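Here is a short briefing on a pocket and on helix packing. Look at the model first, then read the points below.

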Amino acid sequence: MTTGSGPVPQAARPLAGLRVVEISSYVAAPLAGMTLAQLGAEVIRIDPIGGAADRHRWPLTDHGASIYWAGLNKGKRSLVADLRSPSGQDLVARVIAESGPGGGILLTNAVGRDWHGYDALVRLRPDLIHLEIPGRADGSTAVDYTVNAATGFPLVTGPAEYEGPINHVVPVWDVTCGLYAALAITAAVRHREATGNGSRIVVPLDDVALATAGNLGFLTEAALCGRERPRIGNAIYGQYGQHFTSADGVSFMVVTLTGRHFRDLARITGTTAAVAALAEALGTDFADEGARYRHRDVLTGLFTTWFREHSAADITDALGSTSVLWDRYRTFAELTTDTRVTENPMFTMLTQPELGDHLAPGAPIVVNGSHIPARTAPRLGEHTEAILRDELAMTDEAVTGLRVAGIVATDSTERTSR
């Protein structure tokens, strides 16, 4: 953990010189924008006056500030404008188009708005890079949890005896989509540098989930083999893995991907002979991962006794001396004091406006030994005036006129109005 950040090496800022305008809310697009900012791009988030729909999304501090919003907008600049008025729309279009050779890039999940659609903006900027994140490929709406429901995963999540769907907690499709979007923009920049041409890119959230279901074999297994993936609780499909609980009530996740892992688990649990006898009785070979998976329940019965008879400390010592893959289950509160966070150079102690001091992660990328540190998220509208002056060459008088007319808002006017 660091308490401050010096200059970031140029190699860790490969996108320096790019300017991305982001019109977004919630997870996928803000995460894409933050990822680009962490890699050195200047990212300007555009919000309507008062903030977008995610401005006050939970979790909140005791004083009502959105921890969520700050977490996904680190390192960006903020411009607030009246996005419903033609004057505000024209102003934002200019910020997108009149942004120098590294600009002309729009990232948005606010689809269906003609004024910042590709056709309108490409007339202002022929080499425009325009990326939209719709819910579905046909343009209809969807969010992570509805996409998840329609993609099969909740029906194979949870214990085998449970009959209803179980949704995931992590918005995995939003996260995956955001990273795909960031990658697509960097690829489009490379294309523009090579050819001078822009790109019109669409990354439907639903297609991200469908592609993942296909790539990981869920769809192919159903299509080719005519079988659905079963519900198996905390076991691991096709491998041996299971959670166990110690004598003092601490839970562990244990995974054996290889024959060596499995032999070590049998050895420390004192079940080597019993496992060999079981294999002989079943006429199988537990050196095969499929055999370990098929007979997972009886194997778990053998191993459970040892875990239940030993303390968490003893289990930790025993597993730590083996090749077995494992860790104990931790709460988020426990994780905040774990050395994986407190001594991790990815984390920086930030003084975030409205939140205060807290450890915040930078990018999980290490470039030539250098970490990319976290930077504070902006106050809503914090950079409105500076962007208009510096990027559009507006005078102070002109900016003041826009603010008085309600076309734009600054941090001070946003806070005063609430």
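**Pocket and helix contacts**

The lining of the second largest pocket splits into 12 nonpolar, 6 polar and 1 charged residues (Ala, Val, Leu, Ile, Met, Phe, Trp, Tyr, Cys and Pro count as nonpolar, Asp, Glu, Lys and Arg as charged, and the others, Gly among them, as polar). This is a predicted model: local features need pLDDT of at least 70, side-chain atom pairs count only at pLDDT 80 or more, and totals for chains, interfaces and linings use all residues. Residues are numbered from 1 along each chain as its sequence is written, and side-chain values use heavy atoms, with hydrogens and water left out.

**Helix 1 with helix 6**

- Helix 1 (residues 28–38) packs on helix 6 (residues 172–195) at about 45 degrees, with axes 7 Å apart.
- Helix 1 and helix 6 are therefore oblique to each other (angles under 35 degrees count as roughly parallel, over 145 as roughly antiparallel, 65 to 115 as roughly perpendicular and the rest as oblique).
- The contact (heavy atoms within 4.5 Å) includes Leu 31 and Leu 36 of helix 1 and Ile 185 of helix 6.
- By class, this contact of helix 1 with helix 6 has 10 nonpolar, 3 polar and 1 charged residues.

**Helix 16 with helix 17**

- Helix 16 (residues 384–392) and helix 17 (residues 396–404) pack at about 135 degrees, with axes 10 Å apart.
- Helix 16 and helix 17 are therefore oblique to each other.
- Their contact includes Glu 385 and Arg 389 of helix 16 and Asp 396 and Arg 403 of helix 17.
- The residues of the contact of helix 16 with helix 17 are 3 nonpolar, no polar and 4 charged.

Notes. Axes are lines fitted to C-alpha atoms, for helices over the stretch in contact, and angles run from 0 to 180 degrees between N-to-C directions. Helices (H or I, at least four residues) and strands (E, at least two) are DSSP runs, numbered from the N terminus.
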